[in-house]
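Here is a protein to look over together, one question at a time. Have the sequence and the 3D view at hand as we go.

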Amino acid sequence: MSLDPRKFPADQETFQDMFASAGTFMNQVTQKLIYDGLRVTSTTGWSSPGAAVVDTRKLSDTTPAIVLLGCYGGTTICTGGHFIVASRVTSSGKVVFLNPWEGQLHELGPGPSFPQGGLFEQIAYLSA
């Protein structure tokens, strides 16, 4: 961890506040992707933890999805989270998820749960 969350308020007022305590929201990520020239074709609304599922019909090698993954660890309280990429569907029907946490690739069902207590909260579908 590069920023101590105890030293920054949980708000969006500064870069440090956002990355140490408050987190990043899907609308901020999609806006940045749009600025970078990508097209956000659809975004699910925020749903209760574990209610969002990847629509495999919208995935291909050129149309991935960004998934907001909440970390729950078996509780109903979110203790953190991050974004992962649903990159494509395998021939066996599994979704390939690219997880920056330790650089892992997972082939799993479309959700709504993810290993080690993760639950899908929101999904944005993209194209070039």
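Q: In which sense do strand β4 and strand β5 pair?
A: Keep in mind that this is a predicted model. Strand β4 covers residues 95-99 and strand β5 covers residues 104-108. Five bridges join the two strands, and their sense is antiparallel.

Q: Which residue takes a positive phi in the hairpin of β4 and β5?
A: Between the two strands of this hairpin there are four residues. A positive phi near 65° is found there, and the residue that takes it is Glu102.

Q: What is the pattern of the protein, read along the sequence?
A: Now let's step back to the whole chain. The protein has two helices and seven strands. Read along the sequence, they follow the pattern α-α-β-β-β-β-β-β-β.

Q: Against which element do the buried residues of α1 pack?
A: Helix α1 spans residues 15-22, and Asp17, Met18 and Ala20 are buried in it. Just after α1, Gly23 takes a positive phi of about 90°. The buried residues of α1 pack against residues 26-35, which form α2.

Q: Is Leu68 buried or exposed?
A: Leu68 sits in strand β2, residues 65-71. Buried means under 20% relative accessible area. Leu68 has a relative accessibility of 12%, so it counts as buried.

Q: Which residues is Leu68 in contact with, leaving aside its neighbours within four places in sequence?
A: One hint comes from Gly118, which is 50 residues from Leu68 along the chain, yet their C-alpha atoms are separated by 9.8 Å. With the neighbours within four places set aside, the contacts of Leu68 are Met26, His82, Phe83, Leu119, Phe120, Glu121 and Gln122.

Q: How far apart are the mean positions of the positive and negative charges of the protein?
A: The protein has 8 positive and 10 negative charges.

Key. Residues numbered from 1 in each chain as written. Predicted model: local features only at pLDDT ≥ 70, side-chain atom pairs only at ≥ 80, totals over all residues. Heavy atoms only, no water. Lys, Arg positive; Asp, Glu negative; His and termini not counted. Charge placed at Lys NZ, Arg CZ, Asp CG, Glu CD. Pairing = 2+ DSSP bridges. Buried < 20%, exposed > 50% of the residue type's maximum accessible area, 1.4 Å probe, protein only. Contact = heavy atoms within 4.5 Å.
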